[in-house]
Amino acid sequence: MASLAPLPEMEGIRAPLPLGEGLGVRAAAETKEASFIDRWQELDWDDVGMQIRAKTTRDVELALGKPRRNLQDFMALISPAAEAYLPQLAQLAESLTRQRFGNTVGFYVPLYLSNLCANDCSYCGFSMSNRLKRKTLNAEEIERECLAIKARGFDSVLLVTGEHETKVGMAYFREMMPIIRRHFSTVGMEVQPLSEAEYAELKSLGLDAVMVYQETYHAPAYARHHLRGNKQDIEWRLATPDRLGRAGVDKIGLGALIGLSSDWRSDSYFVAEHLAWMERHHWQSRYSLSFPRLRPCTGGLEPEVTMSDRQLVQLICAWRLFSPTLDLSLSTRESPAFRNGALRLGITQMSAESRTQPGGYADGGKEELEQFAIHDDRSLGEVAAAVRQAGLQPVFKDWESFLGR
């Protein structure tokens, strides 16, 4: 009996693709401005979770034995079945990290410019419904913060604000970026999603990197935790990395906030799909990843799921095996002991001596202004000493302006 030919796609309707492939396998000419939203809409959250949990030890062993791993292998490596293979995961992750990045760990520090926010998000201390003192740094205060940060030894800075487009938007960034750019060799941003044209303009002013974490890829959980404001628009946020890629931003940061949804494994897989999409469609940019666990903040949200330290180690190693060239960042959300132990497993970027409130470096900590509680409050010198003790070299500057941008 002859086999049936596959049904053609109806006009305007796309047949779903299997997990692990993604829309990148389709003809690139289908649309001039495709975005990850297309792939996200094809994925089924519950099905992803079931497929991850169905992975066997055989799947894990096959993934470990490959020289290059795909999305199905990533599923296996983050599955419950892979937890028993943590020593093998760690050994391979360390080897791949040393091959690609050498014995180095880069340091950066967040510079909080404002805690004004027009969103109401259940997990963030800056949420508009929280009663706390609001502050936006002016030019003089930013200059003082930059000098205080430079005096500590940092040369890479991540600018952070709440999301308030009118008072802390492009007009503010245009004024402040040249001030900050004078002091640091690398400048990144973690602010509200902007347009492609705005990102291109910021790049012309000296912007090197943008971190835009999705928080969670699970639409019901996203809606549950984003109660008011522009951040309720999940699709605008999902398409932000594509706008960054089209604007030519050098480095793009992805990630999900672990504990915001009930399944960290599914959220992590969605991030992997997002990375695979971006690397295919915007290959000129570099990529970084963060995997923050939900930390205490004003409002007191409890995580929907608790990820153990062993599971976070598993995730870090799985990411390194999936993407040997990916920058992996570990912030002061994690404890000193965990950060020391995870240093050699795949981490390439670390923050230290972080202050999560505007003016925190020049004026000292003021708890009522914090976005979240940090867990590692060691000085930069102490963290750098721990890096050296692990046999690695702290790097504070890895770029010179004469090399171009």
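The largest cavity is lined by Gly255, Ala256, Ile258, Asp267, Ser268, Val271, Leu289, Ser290, Phe291, Leu315 and Trp319. A cavity here is a set of points, on a 1 Å grid over the protein atoms alone, where a 1.4 Å probe fits but cannot get out; lining residues have an atom within 4 Å of a point. The model is predicted: local features need pLDDT of at least 70 and side-chain atom pairs pLDDT 80 or more, while totals for chains, interfaces and linings use all residues. Residues are numbered from 1 along each chain as its sequence is written, and side-chain values use heavy atoms, without hydrogens and water.

**Largest cavity**
- Helix 12 (264–281), strand 8 (286–290) and helix 13 (309–322) are the elements giving two or more residues to this lining.
- Helix 12 supplies the largest share, 3 residues.
- The space in the largest cavity is about 60 Å³.
- Its lining comprises 7 nonpolar, 3 polar and 1 charged residues.

**Second largest cavity**
- Ser290, Phe291, Pro292, Ser329, Leu330, Ser331, Arg333 and Glu334 line the second largest cavity.

**Confidence**
- Mean pLDDT (the predictor's confidence in each residue, from 0 to 100) is 88 for the protein chain, with 86% of residues reaching 70 or more.
- Over residues 1–18, pLDDT stays under 50; over residues 20–31, pLDDT also stays under 50.
- Where pLDDT is low, predicted coordinates should not be read in detail.

How values were computed: Contact = heavy atoms within 4.5 Å. 1 Å grid on protein atoms, 1.4 Å probe; cavity = no way out; pocket = protein on both sides within 12 Å on 5 of 7 lines; lining within 4 Å. Points joined across faces, edges and corners; volume = space filled by probe spheres on them. Helix = DSSP H or I, 4+ residues; strand = E, 2+ residues; numbered from the N terminus. Nonpolar A, V, L, I, M, F, W, Y, C, P; charged D, E, K, R; others polar.
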